[in-house]
Amino acid sequence: MLTRGPVASLELRYLDPEDVRVFRGEDGRVYASIKDEVTLISPAFVRSHPLTDPDRYIAIKGTIPKEGMEARGDEFGLLRHWRRLEPESRRLVEGQLARRYLHPRLTRIVSLREYSGVQVAVFETDRGVREVTLRDVRDNVIYLDSNRVLITDAENNRYDIPDLSALDRQSRVYLARII
Amino acid sequence: MPEQIPESIKAIMEQRHPGADLRVSARADLGDGGIFGDKWLLLAGDHVVVCQDGEVPQVATDLPLSDISSFEIDTLVGGAALRAVVNGKRIDLISFTNALADRFGRVREQLDAAVKGKPIPEREERINRCPTCGMVLGEYTRVCPRCLRRGAVLRRLLAYARPYRGRVILIMVLLVCGTAVGLAPPLLTKYLVDDVLIPRRNIQLLFILVAGLAGTSILSTGMEIWRGRLAAWLGGRISFDLRAELYERLQWLSLRYYDKHPTGALISRLTQDSGGVQDLLAFALPMVVSSVIQIIGVAIVLFAMNWKLAILALIPVPFLFLLTHSLWLKLRKAWHAYWYRWGRFHTLVNDALNRVKVTKAFSQQPSEIGRYAIRNDDLRFAGVRAEQTSATMFPFMWLVVGSGSLLVWLFGGVLAIRAQITAGDVVAFLAYVGMIQFPLHFLSQVAQWLSRALTAAERVFEVLDTESDSEKIKGSISTERLRGEVEFQHVNFGYERHQQVLKDVSFRVEPGHMLGLVGKSGAGKTTVINLLGRFYDTDEGDVLVDGVNVKDLALWDYRKHLGVVLQEPFLFGGTIAENIAYGKPDATPEEIMAAAKVANAHDFVVNKPDGYDEQVGERGGRLSAGERQRICIARAILRNPAILVLDEATASVDLETEQQIQEAIARLIEGRTTFAIAHRLSTLRNAHQLVVLEDGKIVESGTHEELEAQKGVYAGLLEMHQKTSMVGALHAD
């Protein structure tokens, strides 16, 4: 059934983690084999709900290797729980996800200065510390819910604040000044 | 100009590739594992080297250029990666955040040139940081609020007052005279107390003094009215001039500018920012001047009357100044939070009422009401807080302000008892101290106010200073007539530098021929049109019209020869005749009707109650899609262009209407070079040439028959199309 590859089907295909194996081939590329029937070359692992449910419903996209072809892939299926993959596969998928999703998560606001409606802040994030410039910040804030905020800075980088209430007091005071 | 390479990196490169020329260098902002940090990509001689910066720089990758066939940008979420293709395998070289996407788009071009053995192009980087302080600037703006020279902005703003300098001088004179006259009443009161009330005599003097009081107040009121009216006129006039200039500039700005600036933001520059400038000119600036004059005047009079008491009376002034300033900051914060919530509330209501039909259809009223309730409550909370803060703050502020007069009572009283001053002096002092409260109050917040207004002014100036299409027009080749020969030569283009939309596109269209552009959505069809119309300029390669590069053509002139019928027929509010004549405002009624006839529009137009004078409604909402389309065709016919663009002109209309439109189009394209985009491939059957685009590249080209025989992409699309039209036919039955 899987051997037919992606056809225009109306059903989502959920993959059993036990059927999926992700490995690095001798040529250094990443492959994903599904039920030992299909092997995808350089598959992409894409989160369906990167913000609200990042760990579930990882789509595997790829192309069955053809002669000299490595085109953009179609979706082969969805993994409900990618962490249940066997360890080697999980490690590779983790690496692929980390490579693809670069949005930093804000952990603390170190400082904030304001110049006529433009703010320069130092953000401490899970990816390190960075000075950011915020411009028209209220137009660049998305409230996912009352406690979850995304802020986009003047350089088009987005910072995720997954839990407003988890920030320290000073950071929240700074935030209240800008949003 | 690329950034300076750190010495440590240079040293390690020298060690690794001695004597190699560093031909390309670029800093990325993500290090290993996606952590913020500097990484450098260098092309040293014929090696691509990636170096992690740090105390001891580490070489991460070192590839000989000869192994690499090409470079590509892999767009990720929140950033992107530059990859090299080696033997069909993709190797990540370096990754970066969105901040540097533009830079690495250009680096890719440089590296690709190196791979092909071409000369490496200079890398011009978009300046997005203030050259003085390094702060990130807004897109398309060079204004740095940290380095903004307020004086310069103010001077530029005042330059707008120059044509009206007579009135400006009059306003200043009135200000000074008004203030001087305003200083008289307390002095008169002093004589009233000392020479009339206390001695209980001099009824004649009483009359004179009261007459004096009446006179000064009438005089100062008169001057105040005159000055206020003049200032209002002047402020209105200057912001009118500014708005007119701004709007003109907006009309001429390039589409790239509009891509980057949401219309809402531009509207706010036109309305709010220029309104802010008006407030500044009509109200704030005259107030600043008058406040300063008043305070200086009062101080002079006080010191002349009694310098000791003057010092005592003025001691609390700086403290009051600071206190009111800090109270105001608090207050303003509360109100800003409230206004912000108003904005969000407004958006919600606007959205919700616009989709009320959908809401009803899906029975989502309760959830809409719930959503509204949350915002409404949020708004109430912020509103109550702002109002309560105000309710507390203002009386408190006046209490503090009033304390200044207590000091005068106390020390003035002591001096009066000791007969060093008169009772009239105390009364006059009290009046003077009261007189400067408001100016002080005003000045304590004017700094913030001024700075906002000046930033608003600067935002307006910024648009005025943006390079527009019209500047490109100057000194270009003018085109009286076009034959309509079009050629694309190795065109590369991306709306964003790092995302190429067209890749090495080349084709040629003979004058009067029809070219059909085929491909899935997103393949680059509309982009070809955008480049043809020179709404954008190519990144690499040229677009030639009649053998002349479009970049050298006078744009304004050139576009006169272009006619466009778009997928979404855009009509503006007005009559049908006005809409047809949009591209040729001086068209006669007969020309308009002739064009409408050819476009199969005349008959239905005349059937309208108001005929050609029928209002089409906002965006043509009162006409059907097919009617709108035919009016747009008539518009193009009237303009009589040499080159015609048809973008999906027959989408979303019924069969009979489609036939009428097809007829109209067939008449329209006769003798003109035509670029047609259509999903319905049947419409392109008659094209002299078809170009099939996939992912921005031309994959096939030829006539309908040739491509059908090729059994390639086009044949596949054709087959799919036939199937879906069969399904459509079945449904139609």
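Me: How many residues of chain A are in contact with chain B, and what makes a pair count as a contact?
Reply: In this predicted model, 29 residues of chain A are in contact with 23 residues of chain B. Two residues are in contact if their C-beta atoms, placed from the backbone, lie within 7 Å. Residues are numbered from 1 along each chain as its sequence is written, and chains are lettered from A in the order in which they are written. Local features need pLDDT of at least 70, side-chain atom pairs count only at pLDDT 80 or more, and totals for chains, interfaces and linings use all residues.

Me: Which element gives the largest share of the side of chain A that touches chain B?
Reply: β9(A) does, with five residues. Strands are DSSP runs of E, at least two residues; helices are runs of H or I, at least four.

Me: Why is helix α15 of chain B called largely enclosed?
Reply: Six of its eight residues (525–532) are buried, so the rest of the structure largely encloses α15(B). Buried means 20 or more other C-beta atoms within 10 Å of a residue's own; exposed means 12 or fewer; partly exposed lies in between; C-beta atoms are placed from the backbone. Among the buried ones are B:Val528 and B:Ile529.

Me: How do you know whether B:Asn600 is buried or exposed?
Reply: Count its neighbours. B:Asn600 has 22 other C-beta atoms within 10 Å, so it is buried. This residue sits in the loop between α18 (589–598) and α19 (602–607) of chain B.

Me: What makes B:Ser363 count as exposed?
Reply: B:Ser363 has 8 C-beta neighbours inside 10 Å, so it counts as exposed. Its phi is positive, about 50°, although it is not a glycine.
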